[in-house]
Amino acid sequence: MQLNARIPAGPIAKKWERHRFEMKLVNPANKRKYDVIVVGTGLAGASAAATMAELGYNVRCFCYQDSPRRAHSIAAQGGINAAKNYQNDGDSVYRLFYDTVKGGDFRAREANVYRLSEISVQIIDQCVAQGVPFAREYGGVLANRSFGGAQVSRTFYARGQTGQQLLLGAYQALERQIGLGKVSMHPRTEMLDLVVVDGHARGIITRNLITGEVQSWAADAVVLATGGYGNAFYLSTNAKGCNVTASFRAYKRGAGFANPCFTQIHPTCIPVKGSYQSKLTLMSESLRNDGRVWVPAKKGDERKPGQIPEAERDYYLERKYPSFGNLVPRDVAARSAKYVCDDGRGVDGPGSMAVYLDFADAIGRLGQQGVADRYGNLFDMYERITGDNPYKTPMKIYPAVHYTMGGLWVDYNLMSTIPGLHVIGEANFSDHGANRLGASALMQGLADGYFILPYTIGHYLASHKQAGVTTDHPAFKAAERQVQARVDKLLSLSGSRTVDSFHRELGLILWDYCGMSRTREGLTKALGLIPELRERFWREAAVPGSGEELNPWLEKAGRVADFLEFGEVLCHDALTREESCGGHFREEHQTEGGEAKRDDEHFAFGSVWEYQGVGQTPALHKEPFTFEYVKLATRNYK
Amino acid sequence: MAKKTMNLTLHVWRQSAPDRPGRLVSYKVQNVSPDMSFLEMLDVVNEGIIEGTIKDAGGHGPIVFDHDCREGICGMCSMVINGEAHGPREATTTCQLHMREFTDGDEIYIEPWRASAFPIIKDLAVDRTSFDRIVAAGGYVSVNTGSAPDANAIPIGKREADEAMDYAACIGCGACVASCPNASAMLFVGAKVGHLVKLPQGQVERKTRVLKMVEQMDAEGFGSCTNHGECSRACPKEIGLDAIMLLNREYVAATLSSVD
């Protein structure tokens with residue numbers, strides 16, 4: 001496997017401009033001769049599909065949901081960053097770049113991050129022009145807030161539903177192209193394999209989730225915008241349908257999978273209630289702007305929060321990190337919550353995993369109405385789920401798996417190690433390094449989809465003149481047969497246990513041994529448990545129903561089978577990365593004060609894994625990261 | 001301290017295919033925790049059916065229903081619970097409805113969205129692609145990527161922006177259609193027209209947009225509004241009936257003036 005990042009030469013601020021000039025163009029009259037497949041319709045997929053159709057390409061777009069508008073980008077609450085400096089508070093493209101490289105704990109590619117920061121300003125322009133109703137000031141200009149520990153106000157937002165509003169902008173642009181006949185849309189359709197012909201990605205195999213029909217689709221290039229793999233952990237803030245299948249199928253066809261162990265655990269989610277729990281709900285990070293995190297100072301204190309006097313509370317983030325306090329980055333806040341709960345100071349009963357997020361001070365300062373104006377919809381959501389009123393009693397929160405920084409390896413053109421296969425949004429290994437900053441995921445998805453991929457895919461198409469391939473090609477026929485055989489095998493499972501029960505078990509293994517805190521011993525144990533669980537899955541799972549109808553259990557079984565293989569790649573990556581950085585914390589590698597200890601001398605690289613067969617240790621390749629502009633430094637939030 | 005659990009009887013609409021007859025099938029469910037979401041309760045029922053601990057009455061297998069984000073924003077979940085779209089709690093999607101809204105011994109009727117423009121696929125899952133086609137007909141601002149002016153070039157009053165946001169909050173679930181005796185989609189269409197008409201960016205295509213969207217809405221077979229107001233009451237995002245007034249106003253204005 002060759003890893004050529006294809007980073008353009010020249011000073012960082014000129015790389016993207018220079019690259020845009022150097023890339024080959026497709027003649028406008030020729031664009032209609034090219035077919036492009038886009039899988040996934042979240043921010044990255046919908047924006048890419050719409051933009052490529054506007055340029056003139058023929059786009060075929062797929063999603064597993066019943067409508068492209070429902071992709072999980074829709075659930076993002078907080079906001080989207082952009083280096084507009086509208087607040088005149090010292091922001092700049094360079095500062096956003098700097099913050100993102102540093103926040104990612106120096107495990108991202110500088111050139112990509114700079115481009116992301118540069119493009120961030122165009123995204124806001126585009127979204128406003130589409131009619132995205134961002135929050136505004138009384139004078140009519142856009143409002144901003146500080147978010148996720150940033151020292152400038154660069155986050156644009158639309159109440160607590162920025163993701164939905166941005167996605168509706170991209171979805172409407174996509175629907176416009178569907179109406180114009182430039183995009184053909186296939187909802188309730190799942191990609192189950194990638195087809196590679198003569199070393200190039202030339203199409204996909206799908207299954208129609210309503211009829212069960214397995215079909216081949218040929219194209220000149222394939223784009224995966226299929227999101228992250230957080231659901232490997234079973235409980236996460238992801239939607240129930242989110243899965244790794246498309247990415248994992250591409251990995252099995254030869255695409256390198258990079259840094260899977262960089263998973264983000266979000267510090268403020270509603271804690272787990274019972275074994276029936278099906279997902280975890282995020283409470284926006286913006287709550288930490290006004291809420292104070294605390295637990296009782298002494299273990300086993302079962303008094304109600306209001307009965308615990310100030311002196312007997314431990315505002316542990318404010319205590320440990322006096323300059324950032326409750327606004328420390330996500331990985332630091334999450335780990336700190338784990339430590340106090342592991343110490344027996346969880347607030348939801350003995351042995352519980354929950355801490356308080358308390359708004360009493362904020363209500364005293366702003367009044368209940370003031371707090372409601374800022375967080376009303378979040379407070380309502382919390383009350384609906386828990387039955388507790390957070391205006392009266394502190395919220396209980398605990399970290400949960402939220403976002404995955406790892407993903408398919410891509411070069412500067414967002415192309416994977418398989419020529420023609422491009423990967424965008426959360427699905428690629430990304431610009432966020434080992435830890436994503438708040439309000440940066442929406443920015444990256446839209447940067448990739450609106451402004452990067454539509455250029456770089458043209459360069460690929462113009463520089464690889466290829467023979468036409470149809471779905472009659474033997475590679476399609478062979479892949480179709482494999483997909484059908486796997487579907488049949490899943491349908492033949494008639495054991496006694498539900499697929500979900502295996503998924504839960506896998507989730508617990510990954511959460512316990514490859515979650516917020518990892519050890520060599522635990523990861524080694526997980527690498528023994530996962531293959532054994534996978535073997536039991538194929539022997540004991542039950543898949544009801546047939547393959548010719550809407551069958552959610554069959555869909556789920558295929559996705560869980562892939563997670564059961566992918567979980568091993570995740571643990572291998574965590575095991576070989578003998579350092580702590582960002583969301584990856586290895587207990588063996590910490591300072592005396594319990595902070596993450598990065599090892600730049602030995603681990604300043606991206607780990608790229610190459611498939612070697614089911615149950616085989618994948619082959620490790622490395623992309624070294626060099627830092628010319630942001631000086632390698634230890635993150636310090638004290 | 002464990003909370004008291006409930007025993008319930010569910011009557012669930014089972015239908016194997018769009019063109020097959022359906023019927024209500026009853027299931028007994030025990031030990032339901034009040035902290036469960038409604039969909040988690042159905043998950044438990046389905047696991048019980050698969051593992052044989054809950055009687056699979058009629059041999060229909062586990063119950064098919066649509067769901068995805070389970071946090072009230074994707075708009076995929078869609079059930080009529082005891083005659084109300086998304087169930088008894090106001091401003092709440094089915095996935096955010098929790099079992100503490102019910103009491104021990106309750107009988108709960110669960111049915112799909114019913115409208116000819118939302119054909120049933122299986123059990124509780126329906127086809128809502130008609131909504132997408134309405135948006136494709138005109139529910140957008142025609143602005144290609146790259147041609148936007150600076151985001152602050154056109155000031156928008158806070159009030160207008162907030163009103164646009166109120167309409168834009170629609171999640172496209174279809175509860176409005178499901179709860180309307182005429183299966184009208186006017187709240188959905190009004191919300192999109194309202195979102196874009198409140199903003200300067202939406203002015204250029206103001207007339208063509210409303211005409212095309214309404215034409216598509218009619219072509220899909222949705223009914224017309226006769227002022228029952230059930231749509232707004234069922235809406236999990238509390239879109240007001242004024243969206244329908246706005247839609248009527250915009251439509252009449254567009255019809256009366258010449259459109260190129």
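Q: What counts as a helix or a strand here?
A: Helices are DSSP runs of H or I with at least four residues, and strands are runs of E with at least two. On that basis chain B has eight helices and seven strands, and chain A has 15 helices and 21 strands. Keep in mind that this is a predicted model.

Q: What makes B:Ile120 buried?
A: The cut-off is 20 or more other C-beta atoms within 10 Å. B:Ile120 has 22, so the residue is buried. B:Ile120 sits in strand β6 (residues 120-122) of chain B.

Q: Which residues does B:Ile120 touch, leaving out those up to four places away in sequence?
A: B:Gln15, B:Pro18, B:Pro112 and B:Val126. A contact needs C-beta atoms within 7 Å. As for B:His60, 60 residues away along the chain, its C-alpha atom is 16 Å from that of B:Ile120.

Q: Which residues make the contact between α3(A) and α4(A)?
A: From α3(A) come A:Val93, A:Leu96, A:Phe97, A:Thr100 and A:Val101. α4(A) brings A:Glu110, A:Val113, A:Tyr114, A:Leu116, A:Ser117, A:Glu118 and A:Ser120. By class, that contact has seven nonpolar, three polar and two charged residues.

Q: What makes α4(A) roughly perpendicular to α10(A)?
A: The axes of α4(A) and helix α10 (residues 441-463) of chain A cross at roughly 80 degrees and come within 9 Å. The perpendicular class covers 65 to 115 degrees, so α4(A) is roughly perpendicular to α10(A).

Q: Which residues of α4(A) and α10(A) meet?
A: On the α4(A) side they are A:Leu116, A:Ile119, A:Ser120, A:Gln122, A:Ile123 and A:Gln126. α10(A) answers with A:Met443, A:Gln444, A:Leu446, A:Ala447, A:Tyr450 and A:Phe451. The contact divides into eight nonpolar, four polar and no charged residues.

Q: How do you know that chain A agrees with a compact globule?
A: For 638 residues, the rule gives a radius of gyration near 26 Å, and chain A has 24 Å, which agrees. Its C-alpha atoms fill a box of roughly 75 × 60 × 50 Å along the principal axes. Buried residues make up 60% of chain A. Of its contacts with a separation of 6 or more, 74% join residues 24 or more positions apart.

Q: What are the corresponding values for chain B?
A: The C-alpha trace of chain B spans about 65 × 45 × 35 Å along its principal axes. Of its 260 residues, 53% count as buried. Residues 24 or more positions apart account for 72% of its contacts with a separation of 6 or more.

Q: How many residues does each chain put into the contact between them?
A: Chain A supplies 64 residues and chain B supplies 65. On the chain A side, α2 (43-55), α4, α5 (162-179), α9 (360-386) and α14 (552-576) each give at least two residues. α5(A) gives the most, with nine. That side of chain A divides into 26 nonpolar, 22 polar and 16 charged residues.

Q: What makes α6(A) mostly covered?
A: Seven of the eight residues in helix α6 (residues 245-252) of chain A are buried. They are A:Thr245, A:Ala246, A:Ser247, A:Phe248, A:Arg249, A:Ala250 and A:Tyr251. A:Gly254 follows α6(A) and has a positive phi, near 115 degrees.

Q: What makes α2(B) mostly covered, and what do its buried residues pack against?
A: Eight of the ten residues of helix α2 (residues 129-138) of chain B are buried, among them B:Phe131, B:Ile134 and B:Val135. The buried residues of α2(B) pack against α5 of chain A, together with α5 (186-197) and α6 (206-219) of chain B.

Key: Residues numbered from 1 in each chain as written. Chains lettered and ligands numbered in written order. Predicted model: local features only at pLDDT ≥ 70, side-chain atom pairs only at ≥ 80, totals over all residues. Buried ≥ 20, exposed ≤ 12 C-beta atoms within 10 Å, placed from the backbone. Contact = placed C-beta atoms within 7 Å. Nonpolar A, V, L, I, M, F, W, Y, C, P; charged D, E, K, R; others polar. Axes fitted to C-alpha atoms, helices over the stretch in contact; angles between N-to-C directions. Parallel < 35°, antiparallel > 145°, perpendicular 65-115°, else oblique. Rg over C-alpha atoms; globule rule 2.2 N^0.38 Å.
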